[in-house]
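Student: I have this model open on my screen and would like a close look at one part of it. Could you take me through helix packing and charge pairs?

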Amino acid sequence: MTRHAPDEALRQFLLLLVDHAAVGKGKAATLESIMATDSPVFDNARSQMALALDRLLAAGAAAGTIRGGVHGRTVLCAPGGICEMHATEGSAT
């Protein structure tokens, strides 16, 4: 069942991902590790998130609301960078 338009679903997915990291100390660093590194420890989590993003991106491209040719693994770099900012000393939490 479709609850949101693809572009809105993608926006909500990314916002919830970053919000989840901001909930507690250490989560931002963990989420950044999952998304921004190639550690085999996080392969399953990274693959599942990339697959979900691939589906959202494909639906958005088919609807004409999201540019085509973008892959979920590429999009995962953006929240990883945002989470890294939250994980640095002196950042507001």
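Tutor: Let's begin with contact, which means heavy atoms within 4.5 Å. Of the contacts in the chain with a separation of 6 or more, 54% are between residues 24 or more positions apart. A word on the source: this is a predicted model, where local features need pLDDT of at least 70 and side-chain atom pairs count only at pLDDT 80 or more, while totals for chains, interfaces and linings use all residues. Residues are numbered from 1 along each chain as its sequence is written, and side-chain values use heavy atoms, with hydrogens and water left out.

The chain holds five helices and zero strands (DSSP runs numbered from the N terminus: helices are H or I with at least four residues, strands E with at least two). Buried residues make up 27% of its 93 residues; buried means under 20% relative accessible area, exposed over 50%, and partly exposed in between, with a 1.4 Å probe and protein chains only.

The largest nonpolar core has 11 residues, including M49, A50, L53, L56 and L57. Such a core is a set of buried Ala, Val, Leu, Ile, Met, Phe, Trp, Tyr and Cys residues joined through side-chain atoms within 4.5 Å. Two or more residues of this core come from each of α1 (6-22) and α3, and α3 gives the most, with five. To see the packing, pick L10, another core member: beyond its neighbours within four places in sequence, L10 is in contact with L53, L56, L57 and I66.

As for charge pairs, a search of the whole structure finds two salt bridges (a side-chain nitrogen of Lys or Arg within 4 Å of a carboxyl oxygen of Asp or Glu). One joins D43 and R46, at 2.7 Å from N to O. Because these two are three residues apart in helix α3, about one helical turn separates them. D43 counts as partly exposed because its relative accessibility is 36%, whereas R46, at 4%, counts as buried.

The other salt bridge links E8 with R11, their closest N and O atoms being 2.9 Å apart. Both lie in helix α1, three residues apart, about one turn of the helix. E8 is partly exposed at 25% relative accessibility, and R11 is partly exposed at 45%.
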